[in-house]
Every structure is written in structure tokens, then in C-alpha cells.
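The following account is intended to be read beside the sequence and the three-dimensional structure. Please keep both in view.

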Amino acid sequence: MPRVTSWLKPTTTVYAHCDIPCGIYDPHAAELAARTVARMVEMIGKLPIENPSVADRANLVRCITIKEQHAEIVKHEIQVIWSDYFKAEHVERYPDLHDRTWKILKLASKNKQNIDAAAAAELEAAVKEFADIFWSTKK
Amino acid sequence: MNETPEDNPPAFPFAREWHQARRGTWRVAVAEDSMAPALAPDDWLLIDPTCDRWPRRGSIVVFREPDTDLLAIKRVAARPGDRVRIAAGLLHLAADEAWLLGDNAAVSLDSRRYGPVSLDDLVGRAWFRYSPASRIGTIRRRAVKPGR
């Protein structure tokens with residue numbers, strides 16, 4: 001009988017994916033948000049400084065708003081993965097995980113406060129490394 | 001275009017279907033809870049991989065999930081040409097798109113997250129559960145409300 005069941009047992013798994021209890025986490029949102037922050041810094045840099053038109057000023061305000069919102073999204077997404085997804089065994093494997101998370105949160109705040117291409121690039125890179133760690137724990 | 005013999009499976013009745021069925025995915029195990037109560041984790045299902053268009057509303061389908069490329073299972077809430085109410089307004093589904101939702105809406109990760117699914121990603125229609133023994137039987141269609 002066990003042989004029959006093993007023969008009948010499906011070899012493929014299909015996922016009735018759910019968000020909450022089964023824990024589907026994904027760092028893509030954080031990566032996208034970090035990318036957006038960098039892009040906004042870039043766009044702000046391209047706006048005219050002398051004699052800006054009303055449209056330019058409106059654009060500036062929009063870019064700043066989006067930059068800050070997305071820096072906040074980075075913080076939120078990273079925090080959720082850090083607190084809800086990572087377990088003790090992951091921290092054992094990556095002892096600098098807490099430190100990395102803390103630095104990303106700090107960096108995101110720095111990007112909210114400043115218009116700094118270097119800080120934006122740093123944030124993007126740090127989030128990418130965080131995402132790489134995330135995916136490596138999925139293997 | 002040159003036709004090779006592989007493009008034309010032998011012409012006996014249902015040859016193409018048999019051909020596809022042999023090659024396609026046809027037995028699957030369910031993981032996770034978003035199709036509860038219709039499907040539960042560890043249900044074993046038979047899939048009909050021969051369907052070449054979106055089955056009727058309320059059918060359960062297996063498809064490649066757009067963001068992850070994992071195989072996912074959800075219910076067809078709306079078919080090509082249907083309109084779906086989303087936060088941004090009405091979404092008109094293209095000729096090859098369907099809107100797929102999990103029955104357990106509160107937890108399901110579905111078209112509300114990744115949008116409409118293209119026919120290219122359809123793998124098959126779930127039609128029969130062969131395990132657990134207590135719940136063997138054909139899988140029923142069920143009315144679903146599209147949108148959020």
C-alpha cells in the first residue's frame with residue numbers, strides 16, 4: 001500500500017498563496033522603493049535652480065514628497081521582513097543581520113532628511129544586499 | 001515556416017490532447033490556505049492541462065504566478081472581456097486575460113496584488129480531488145465576486 005501511495009503522490013506543488021499566516025515575504029517592494037528614492041534625487045537635481053516656473057516648483061514638491069514616502073516604504077518593508085520573516089537560525093547564519101537592518105533604517109531616514117545622491121545609492125545597495133540575504137535563506 | 005513532424009502530432013482522435021496531457025502537469029499537491037474551504041493544504045488534485053483558454057468563471061485553475069513563476073492555484077473571478085472593479089476604477093480585461101482570486105479573500109495573494117494573468121501562464125484546470133479519501137470528488141465551480 002505505501003508503494004501505491006508513493007506512486008499516486010503528486011510530484012508538483014501548487015501554491016494557494018496567502019499573505020498573512022503562511023508568511024509570503026518579498027523584498028522587491030523595498031528594492032523598488034529604494035530605487036524610487038534614488039530616481040527622485042536624480043530628478044530633483046535636474047530641476048532648474050534659477051527662475052523656476054510654477055510648474056518646476058510643483059515638480060520639486062512632488063519629487064520631495066515621493067522621495068520621503070518611498071524612503072518610509074523602505075523602512076516599513078525592511079522592518080516587516082526583519083521582524084516577521086527572519087528567525088534565529090537566519091541570524092546565526094548572518095550575524096550582522098540586525099546591524100544591517102538598523103543601518104538601512106538609518107540610511108532611509110537620512111534620505112528623507114537630505115537630497116544626497118551618494119546616500120541614495122548607498123541605500124539602494126544596502127537594500128539589495130538585504131534582499132540577497134533574504135533570497136539566500138530561501139534556497 | 002517549415003512544419004516539422006513535432007508540430008503535427010499523429011492525427012488519431014484526441015491525439016493533441018493526449019500529447020499535451022502526457023507532457024503537461026496533471027497531478028498536483030496543494031500548499032497553503034488561500035483556497036480554503038474549497039481546497040486545503042495537502043489536497044491532491046488532477047489537472048486538465050489541455051485547456052487552451054480560460055475556463056468558465058468559478059473554475060479553479062493552476063497557473064504560473066506572475067511575480068514568482070511558482071505554480072499557483074486560484075479561482076477564475078473574471079474572464080477576457082469582463083470588467084473588474086479595482087481601486088483605480090474599472091479594469092477591462094484583454095482577450096487573453098483573467099482575474100484570479102483566492103476563496104479566502106482576507107489572506108489570499110492574488111490578482112488584487114499582481115493584476116490580471118495572461119493566458120500564456122495558464123497551466124490547467126483543476127477538476128478532481130483524489131486525496132484525502134474523505135473528500136474525493138470533482139471540484140465544483142462556485143460564484144465569485146470579482147474586484148476587491
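This is a predicted model: local features need pLDDT of at least 70, side-chain atom pairs count only at pLDDT 80 or more; totals for chains, interfaces and linings use all residues.

Residues are numbered from 1 along each chain as its sequence is written, while chains are lettered from A and ligands numbered from 1 in the order in which they are written.

Helices (H or I, at least four residues) and strands (E, at least two) are DSSP runs, numbered from the N terminus. Two packed helices are described by the angle between their axes and the distance between the axes. Axes here are lines fitted to C-alpha atoms, for helices over the stretch in contact, and angles run from 0 to 180 degrees between N-to-C directions.

In chain A, helix α2 (residues 28-46) packs against helix α3 (residues 54-85) at an angle of about 155°, and their axes are 8 Å apart. α2(A) and α3(A) are therefore roughly antiparallel, the term for angles over 145 degrees. The contact (C-beta atoms, placed from the backbone, within 7 Å) involves residues including Ala33(A), Val37(A) and Met40(A) of α2(A) and Ile64(A), His70(A) and Val74(A) of α3(A). By class, 17 residues of this contact between α2(A) and α3(A) are nonpolar, two are polar and two are charged. Here Ala, Val, Leu, Ile, Met, Phe, Trp, Tyr, Cys and Pro count as nonpolar, Asp, Glu, Lys and Arg as charged, and the others, Gly among them, as polar.

α2(A) also packs against helix α6 (residues 117-138) of chain A, at an angle of about 170° and with the axes 9 Å apart. That makes α2(A) roughly antiparallel to α6(A). Among the residues in this contact are Ala34(A) and Glu42(A) of α2(A), and Ala121(A) and Lys128(A) of α6(A). The contact of α2(A) with α6(A) has 11 nonpolar, no polar and five charged residues. The C-alpha atoms of Ala121(A) and Ala34(A) are separated by 8.6 Å, although these residues are 87 residues apart along the chain. Is Ala121(A) exposed or only partly exposed? Ala121(A) counts as partly exposed because it has 14 C-beta neighbours inside 10 Å; a residue is buried with 20 or more other C-beta atoms within 10 Å of its own, exposed with 12 or fewer, and partly exposed in between, C-beta atoms being placed from the backbone.

In chain B, five of the five residues of strand β7 (residues 97-101) are buried, so β7(B) is largely enclosed by the rest of the structure. In a regular strand the side chains alternate between the two faces of the sheet. In β7(B), Glu97(B), Trp99(B) and Leu101(B) lie on one side and Ala98(B) and Leu100(B) on the other, and all are buried. β7(B) pairs (at least two bridges found by DSSP) with strand β4 (residues 71-78) of chain B in the antiparallel sense over three bridges, with Arg75(B) opposite Leu101(B). Two bridges also join β7(B) to strand β8 (residues 117-118) of chain B, likewise antiparallel, and Val117(B) is the bridge partner of Ala98(B).

Between the chains, 13 residues of chain A are in contact with 23 residues of chain B. The side of chain A that touches chain B has nine nonpolar, three polar and one charged residues. Strand β1 (residues 12-15) of chain A pairs with strand β1 (residues 27-31) of chain B in the parallel sense over four bridges, and Val14(A) stands opposite Val30(B).

Note on methods:
Angles under 35 degrees count as roughly parallel, over 145 as roughly antiparallel, 65 to 115 as roughly perpendicular and the rest as oblique. Two residues are in contact if their C-beta atoms, placed from the backbone, lie within 7 Å.
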